[in-house]
Structures are given as structure tokens and as C-alpha cells.
Amino acid sequence: ARARAAYVARNPRSAEIHAEAAAVMPGGNTRSVLFYDPFPLAIARGEGAFIWDADGHRYLDLLGEFTAGLYGHSNPAVRAAIDSALDGGINLGGHNLLEPKLARLVCDRFPAMDSVRFTNSGTEANLMAIALAKAATGRGTILVFHGAYHGGVLSFGGGGSPVNVPHHFIVAPYNDTEGTLALIARHGPDLAAVVVEPMLGAGGCIPARPDFLHALRDATADAGALLIFDEVMTSRTSAGGRQALLGLTPDLTTLGKYIGGGMSFGAFGGRAALMAMFDPRRPDALPHAGTFNNNVLTMAAGIAGLTEVFTPEIAERHRERGEAVRGQLNALCRQQGVAMQFTGLGSLMNAHFTAAPIEDPAGAACDNRLRDLFFFDMAEAGFYLARRGLAALMLPLTDAELDGFRNAVARFIEARRPFL
Ligand code: PLP
């Protein structure tokens, strides 16, 4: 309560802006994930790895727009590409010169994707991949996992979401090979697809065990169902996503976030024979629409990001850097003997308040007030994370800035030790 009171006293302008927003938007909000009590910070601007709130406080941006902000704020190469796209008009109402270039880049990075289609969000990419799986198999059941998040209407944390699309979903236990294989065996003949995040992202950066993912690959193939890898978040764990690290080929892959250079983006793709169902020259083609699917700003930003900034070498270095940072944070927690750890893969991590190994969302359960405490203490110290404890490291972060974060975590542990 004291941390929250200090937050209120520190952020009067954010409070005013939230009140203004609440007059015209329910709860002053248009993205549920961004709300926290008593009101969220209003972010006025960003530059490089920093953001400033409406009261003028500067924060190291460790949230990185839930992974879409990989390039940092106003990356010069991405910005130049957007500027030059603006010169040619932004709503062209036709195929444009940039979409085949971005499609080629994506397919080259993800060998499982012979061809690809663009959407405006990761949510849409997953909706279309599921529609394709149902059409291709002629089956109706979709297996997903407890704690999975594939978009606002495909959300399976804490009992599912009342706004979920009304597919026939079977919800399996994450990282539980035996339990999942039993469900696949039971529903096999009706199963269109298994949709899996190679690491639960919104569910707390909980990586899937490689043997679990390989078992899903084999079991879906045996059942005649498609394996859909939702790599919207994990695509940054290497140039070709987690599937490249594991040497695993899903039938369909969905992407989003940073691959559009920080603009609205999603993509889904896979084997040519499957994706051909969208070929509009076919009399029985599946429709896939979207005014902004091929918008030139996203295409331009995405191309610049993949060719000029997040090259395969940089992707590898960023992954190693993330592993090192997370390793140091976990070493600190162990040395201090506190029930705290950072799970994740590469540059993606989430703080949790338990010392036991975490393999599924139940294993990450803790007193939620600890997450609040960490969030508000970090904000006060000038470090901006997701309220749930997610950090998605951006490229422009320096070693000194990341050391600063580790020192802030050390101070948090010292100050809050009785609660940990
Ligand atoms: N899939 C995963 C794994 C995600 O983390 C997200 C977003 O956080 C989505 C899908 C949805 O993407 P979008 O927010 O672009 O609709």
C-alpha cells in the first residue's frame, strides 16, 4: 500500500490523463493488459532504450512493447525506411513493391515457411492459421495449452476468456508430455491442430522442454493434425525463431511483434501445399482479407529491421546477451537466498517469486502483491517492466544500463527481503 501511495504522489499528470481517458474509454483503456491500479503511467515519448512519462520521469524501457519494440524507439534505419515510404503515399489500394521483399526475407529465415501471408496482428495470424488447419484437415478440434496466449480472443490463462472465438478447444497441460499425448490420442480423429507457444510468453516466459515439443511434432504427424508454432514472441530467440534452435519443423508458423519493424504486424505461413489454399486463382480458395495486411509502412519498416538491424549475427548476439543477463539475475537471487527467479529464453524474461523450478503456470503461482511490489519499486527506481514482470530486452540497451537494472534488483531484494 505504501509503494502504491508513493506512486500516486509521484505521478499526478498520469492520474489526470487517465481520468481524461476514462471519460471516453472504459477504464481509460484500449489494451486491457496495460491497466494496473490505481492508474497506469501515461508514456509521453521514447528515444532509444528510454521512455519518459507525462510527469517527466525517465525510465529504462525494459518492457520493449511486449517484444515488438526490439529495435528501440525511433531506430534510425527503421525510421529512414518509414520516412521514405511516406514519400510515396501510404494507402495504395493494390499490391505494392515491398510486400514480396518482406515475404522473401521471412521465408528465408523460417525454412518451415515456404510461403506466407501478412496480417495486422499476431492474433489475426493465429486465427487464420487455425482456419487453415480446419479447412485442410476437415476437422474441428483445436488443442491448446493452459496458460497460453495467442491473442485477445485466443487466451487460455485462468480458465479462458469470455471473448474467445467459439472453436472447439481442448486445453492440455503445458510441458506435460504424457497428459498431452493422452488427449491427442483421445481426440485424434477430430483434431485439426495443436497450437503451441515454444515458450509461454504472456503465461510468464516459461520455456517448453525440447522433448515436449518434439513429442508434439511426432504425435500430431501420427494423428494427421497440424502442428502450429506460435512464434509471435519467440521468433526473436534466433534469426529463425525457436524452431531453428530446436531443429523442429512445424506445419504452420505464426509471427508478429518486431518482424514488422515495430509497426502493426502479423504473419502466418507454412508448407506451400497448405498455404496454396489461399491462392485466389483457385475456385475453392479460402478468403483472407485485411485492408492493412500489406500496408507499406509495415512492409518498409520490417524490411529495414531484418536487413539492416536484426541480422542473423545480431540475433545470435542478442540471444547470448539475454542468456547472460538472466543468468546473472538468477545467480543474484540464489546468492541472496530469496524465493525469486527470472525464467525465459534469450532476451525474454519474467520475474517470478518462487525458488522452485517453473514448468507451467501453476508452478509460477505466488502472492500477486509481490509482483505489484516489484513493479512499483522498479518504476520508482527508473526501470519500466510489464506489471506481470516481463522484460523483453531491446537492442539499444547498453551493458551499463543492464548492470544498473541488476543493481536495482539487488536493492529491491535488500529492501524487501522479509517478503521474499
Ligand atoms: N501470440 C503470442 C505468443 C503473443 O505473445 C501475442 C501477443 O502478445 C499474440 C499472439 C498476439 O499478438 P497481437 O497482440 O499482435 O495480436
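A residue is termed buried if 20 or more other C-beta atoms, placed from the backbone, lie within 10 Å of its own, exposed if 12 or fewer do so, and partly exposed in between. The structure is a predicted model, in which local features need pLDDT of at least 70 and side-chain atom pairs count only at pLDDT 80 or more, whereas totals for chains, interfaces and linings use all residues. Residues are numbered from 1 along each chain as its sequence is written.

In helix H4 (residues 99–109), the buried positions are Glu99, Leu102, Ala103, Val106 and Arg109. These residues lie on the same side of H4 because they cover an arc of only 130° around the axis, the arc being that of the directions from the helix axis to the C-beta atoms. An α-helix has 3.6 residues a turn, so residues three or four places apart point the same way. Helices (H or I, at least four residues) and strands (E, at least two) are DSSP runs, numbered from the N terminus.

Helix H6 (residues 177–187) and helix H7 (residues 210–223) pack at an angle of about 10°, with axes 10 Å apart; axes are lines fitted to C-alpha atoms, for helices over the stretch in contact, and angles run from 0 to 180 degrees between N-to-C directions. H6 is therefore roughly parallel to H7, a term for angles under 35 degrees. Contacts (C-beta atoms, placed from the backbone, within 7 Å) join Thr177, Thr180, Leu181 and Ile184 in H6 to residues of H7 including Phe212, Ala215 and Leu216.

Conventions. Parallel < 35°, antiparallel > 145°, perpendicular 65-115°, else oblique. Contact = placed C-beta atoms within 7 Å.
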